[in-house]
Amino acid sequence: MSREKEIDGQYQLPMENGTNENGKSHDRLNMYTCACVLAASIISAVFGYVTGVMAGAALFIKEDLGINDLQVELLIGILNAFALIGTMAAGRTSDYLGRRYTIILASIIFLLGSILMGYGPSYPILMIGRCTTGIGAGFALIVAPIYSAEISPPSYRGFLTALPDVSINLGLLLGYMSNYFFEKLSLKLGWRMMLAVPAIPSLGLAILMFKLVESPRWLVMQGRIVEAKNVLLLISNTKEEALQRLQEIKVAAGIDEKCTQDIVHVVKNAQGGEGAIKELFYKPSPPVRRILIAAIGVHVFQQITGIEAVMIYSPRIFETAGITDKSKLLLATVGMGVSQASFIILSTFLMDKVGRKILLLISSGGMVVTLLGLGFCLTIVEHSKQEITWAISFTIVVTYIFVAFVSIGIGPVTWVYSSEIFPQRLRAQGLAIGVTVNRITNVIVVTSFVSIYRKLTMGGSFFMFTGITVLAFCFFSFLPETKGRSLEDMEIIFGKKSKETKMKHWCNNA
């Protein structure tokens, strides 16, 4: 929703509680917008499921197919390796096909991958299916946040753009629950059922997306002004709001705001593709350079602070603490998923009230404390010759708290922040770069964690993550806040002029 309303010929900002000075509310959530974002977020839930389900399924695949630890690591890590291919292709694909058809394409890829993995007669076929779903995962990580950000109003963008990440974590939880319940089936059937489940929502989403709207910002970038206007009338609460949002988008796209044509020609450099890559890396303007550093930074720190290692290898962590029963290991993992899903839902309601930066600082600060606790506890267990009864409960509780701190801040905020800070002309390609870096660091963490904890001990690996998280806290403290600002304002927020203007304003008021 536009942050400005015209009153007596003057534009005025609404108050913080969502009302203007006449007391009329302008911050009502548009239900059609919410429905579109929820539908698009199904693709994120599928990605979360295929990631989480492998934590338990790998135990049964290893036993059934007789594969070794190296093959298990490769099976788990290959998803993110092939997600890199998906992320590198998704930005340009979504700029060419549109956000809606890219979601449909990702759904079809997930459908094919799930069928192959559910069939899974041998390790090579299983790997092909896992690689296929990895490509779908790369598409999902790019297009769902972009679509959500581009159809959301500023006053609810944090909430709505966080829904894809909420869905990822709900998918993770469903994956853990699937491990626990399908484990009761026969060995040959159980893990295949776990891996085949995503085929159903993938098919449903591919059909559903034909009924939903395209991103109005993408339509404007294609010069399809009348279609963008019709979409905005659906996702806005009033006609005035829709027209105001259309004007802002047209200006950002380099189209004369007085232009009344239904279809216009948009200058090629204003669109994505090679022009966007050149602008990002070849002599970028100071605001664009800061935006790129911020996006890459939040994605790197989201991964190298250890959350993916904890989520994927939680059974090994709990086993180190003293849990040996397979069913209890999977049940403890389900509890971790519940903690993650609960706090990420809480985060969506805080995003537009507390702000992105504050949540990042709270999150990273809490992670430092919990990682230290896990490091000390697991070090004591590993150096003790006797069984330490309190270590099991302490490790489980502190792991749940660690996951909660990740889920309330660095987990969802990374996706919201990086999907909103790039200018329209750079958004798809810019986010693709951030997510590519995210997947590279994810692959490094997931494929090296076992080797690292065997070298440093399990406790030592958590001390390493503690030091990295301290660096993350310092980095987050320099990021600007984006709460309540329109997507078209981001270059101003990251530019020097905005800071100089604020400084002059403070000096004049002193």
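This is a predicted model: local features need pLDDT of at least 70, side-chain atom pairs count only at pLDDT 80 or more; totals for chains, interfaces and linings use all residues.

Entry 1. I clicked on F476 and, skipping its neighbours within four places in sequence, listed its contacts: V298, F301, K357, L360, L361, S364 and I410.

Entry 2. Which core does F476 belong to? I found F476 in the largest nonpolar core, a set of 140 residues, where it is listed with I61, L195 and F462 as having the most contacts inside that core. Helix α5, residues 123–151, gives the most to this core, with 14 residues. I also noted a second, separate core of five residues, including F318, I323, L329 and I396. The background I keep in mind is that in soluble globular proteins nonpolar side chains tend to be buried together.

Entry 3. Next I went to helix α13, residues 286–304, and looked at how it sits against helix α20, residues 427–456. Their axes come within 8 Å and cross at roughly 25 degrees. That angle is under 35 degrees, so I count α13 as roughly parallel to α20. I logged the crossing of α13 and α20 as right-handed. On the α13 side the contact uses L292, I296, H299, V300, Q302, Q303 and I304. Facing them in α20 are L431, I433, G434, V435, V437, N438, R439, T441, N442 and V445. Sorted by class, the α13 contact with α20 comes to nine nonpolar, seven polar and one charged residues.

Entry 4. How do α13 and helix α19 cross? I get axes that come within 10 Å and an angle of roughly 160 degrees, with α19 covering residues 410–420. Since that angle is over 145, α13 is roughly antiparallel to α19. The α13/α19 crossing is left-handed. From α13, I wrote down A294, A295, V298, H299, F301 and Q302 as the residues making the contact, and from α19, I410, G411, T414, W415, Y417 and S418. By class, the α13 contact with α19 has seven nonpolar, five polar and no charged residues. V298, F301 and I410 were already on my F476 list.

Entry 5. Last, I zoomed out to the whole protein chain. I count 23 helices and two strands. Of its 510 residues, 59% count as buried. I also checked contacts between residues at least 6 apart in sequence, and 81% of them join residues at least 24 apart.

How values were computed
Residues are numbered from 1 along each chain as its sequence is written. Side-chain values use heavy atoms; hydrogens and water are left out. Axes are lines fitted to C-alpha atoms, for helices over the stretch in contact, and angles run from 0 to 180 degrees between N-to-C directions. Helices (H or I, at least four residues) and strands (E, at least two) are DSSP runs, numbered from the N terminus. Angles under 35 degrees count as roughly parallel, over 145 as roughly antiparallel, 65 to 115 as roughly perpendicular and the rest as oblique. A crossing is left-handed if the near helix is turned anticlockwise from the far one by less than a right angle, and right-handed if clockwise. Contact means heavy atoms within 4.5 Å. Ala, Val, Leu, Ile, Met, Phe, Trp, Tyr, Cys and Pro count as nonpolar, Asp, Glu, Lys and Arg as charged, and the others, Gly among them, as polar. A nonpolar core is a set of buried Ala, Val, Leu, Ile, Met, Phe, Trp, Tyr and Cys residues joined through side-chain atoms within 4.5 Å. Buried means under 20% relative accessible area, exposed over 50%, partly exposed in between (1.4 Å probe, protein chains only).
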